Amino acid sequence: MSRPADGGASLPAVDLRVRDLELRELMDDPDCDPRALARTFRRFALVNALVSGWRSVWRTHVVPALPANGQGRILDLGCGGGDLARAISRWAASDGFDVEVVGVDPDPRAIDAATRRASRGVTFREQSSSDLVASGERFDVVVSNHVLHHLGDEERAGFLADSEALATTRTLHSDIRRSAAAYRAYAFGSALVSAGTFVRVDGLRSIRRSFTVPELSAALPSGWRAEQATPHRVLAIRDA
Ligand SMILES: C[S@@+](CC[C@H](N)C(=O)[O-])C[C@H]1O[C@@H](n2cnc3c(N)ncnc32)[C@H](O)[C@@H]1O
């Protein structure tokens with residue numbers, strides 16, 4: 001039987017025991033309102049900063065994988081509006097690293113949003129993971145945020161194989177860990193920052209599409225491992 005995600009308060013009942021792969025995000029509609037979409041990309045920068053836990057993943061999982069000489073290349077696959085790539089570039093500079101950060105996304109609307117703000121040390125390109133593999137590019141560390149839950153099984157297998165081919169040292173894909181607590185917390189918290197955007201609806205749909213740690217572990221090919229990060233996050237990790 002399905003169980004109300006908010007314990008019965010004001011949220012509709014949703015079944016969080018299984019991934020809901022039928023749900024599509026409003027942002028994925030090519031005909032969605034472009035102004036709402038632009039606001040959504042900007043607002044997701046704030047939401048990601050609050051919920052994604054990348055600051056600590058940077059320290060614990062990215063820094064140890066960078067070359068000892070402090071130089072390197074980092075790739076953000078499926079960069080969306082570019083906030084993670086920009087944050088990584090800032091953290092790298094403040095921690096004394098000299099890294100080149102590249103953000104790619106095959107969606108031109110995402111790259112349009114990402115390139116509206118210039119950022120030193122970061123470039124954005126309208127490309128997919130397979131485009132980069134085809135051009136023979138390599139990066140020390142390959143990361144992504146909120147891409148795994150977005151993909152179907154076949155697309156995910158291709159995305160993981162591509163990221164494996166692109167990384168010389170480590171790949172780290174971070175995503176939401178599906179739970180009733182995550183759903184409830186996001187439902188209430190996002191109401192404060194979602195006006196005029198798709199942030200609330202798409203975030204809640206993303207949680208329903210996302211993995212638990214055992215599910216992610218089962219979905220990963222050999223050589224990968226799944227870890228829980230902050231309470232509501234999972235990481236898929238592969239060391240080359
Ligand atoms: C839910 S969005 C996440 C955007 C951003 N990383 C964030 O956290 O806000 C997933 C993004 O992955 C991109 N994507 C899907 N498949 C990809 C691939 N094979 N290579 C690169 N990007 C991909 C989509 O175009 C989409 O913009």
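**A guided reading of the predicted fold**

Helix H8, spanning residues 199–209, is mostly covered, with eight of its 11 residues buried. The buried positions of H8 are Val199, Asp202, Gly203, Leu204, Ser206, Ile207, Arg208 and Arg209. These residues pack against H1, strand E5 (167–176) and helix H7 (180–190).

Leucine 46 is located in H1, which covers residues 34–51. Its relative accessibility is 39%, and leucine 46 is therefore classed as partly exposed, since that class lies between the 20% limit for buried residues and the 50% limit for exposed ones. Together with Leu50 and Val51, Leu46 forms a nonpolar surface patch of about 270 Å². As a general point on helical geometry, an α-helix has 3.6 residues a turn, so residues three or four places apart point the same way.

The largest nonpolar core comprises 26 residues, and Trp54, Trp58 and Ile88 have the most contacts inside it. Two or more residues of this core come from each of helix H2 (54–62), helix H3 (83–94), strand E2 (98–104), helix H4 (108–114), strand E3 (122–125), strand E4 (139–145) and strand E7 (233–239). The greatest contribution is that of H3, which supplies six residues. Apart from this core lies another, of 21 residues, which includes Leu75, Leu77, Leu220 and Ala226.

The surroundings of tryptophan 58 may be examined individually. Leaving aside residues up to four places away in sequence, tryptophan 58 touches Val63, Pro64, Leu66, Ile74, Ile88, Trp91, Ala92, Asp95 and Phe97. Among these neighbours is Ile88, which, like Trp58, is listed with the residues that have the most contacts inside the largest core.

The chain as a whole remains to be described. The protein chain contains nine helices and seven strands. Its radius of gyration is 17 Å, close to the 18 Å that the globule rule gives for 240 residues, so the chain is as compact as a globular protein of that length. Along the principal axes, the C-alpha atoms fill a box of roughly 55 × 40 × 30 Å. Of the 240 residues, 50% are buried. Among contacts with a separation of 6 or more, 74% are between residues 24 or more positions apart. The accessible surface of the chain amounts to about 11,200 Å², and carbon and sulfur atoms account for 53% of it.

Definitions and conventions:
Residues are numbered from 1 along each chain as its sequence is written. This is a predicted model: local features need pLDDT of at least 70, side-chain atom pairs count only at pLDDT 80 or more; totals for chains, interfaces and linings use all residues. Side-chain values use heavy atoms; hydrogens and water are left out. Patches are made of residues with over 30% relative accessible area and no salt bridge: like charges are joined within 9 Å, nonpolar side chains (Val, Leu, Ile, Met, Phe, Trp, Tyr) within 5 Å. Accessible areas come from the Shrake-Rupley method with a 1.4 Å probe; for residues, only the protein chains shown count as cover. A salt bridge is a side-chain nitrogen of Lys or Arg within 4 Å of a carboxyl oxygen of Asp or Glu. Helices (H or I, at least four residues) and strands (E, at least two) are DSSP runs, numbered from the N terminus. Buried means under 20% relative accessible area, exposed over 50%, partly exposed in between (1.4 Å probe, protein chains only). The radius of gyration is taken over C-alpha atoms; the globule rule is 2.2 Å times the number of residues to the power 0.38. Contact means heavy atoms within 4.5 Å. A nonpolar core is a set of buried Ala, Val, Leu, Ile, Met, Phe, Trp, Tyr and Cys residues joined through side-chain atoms within 4.5 Å.
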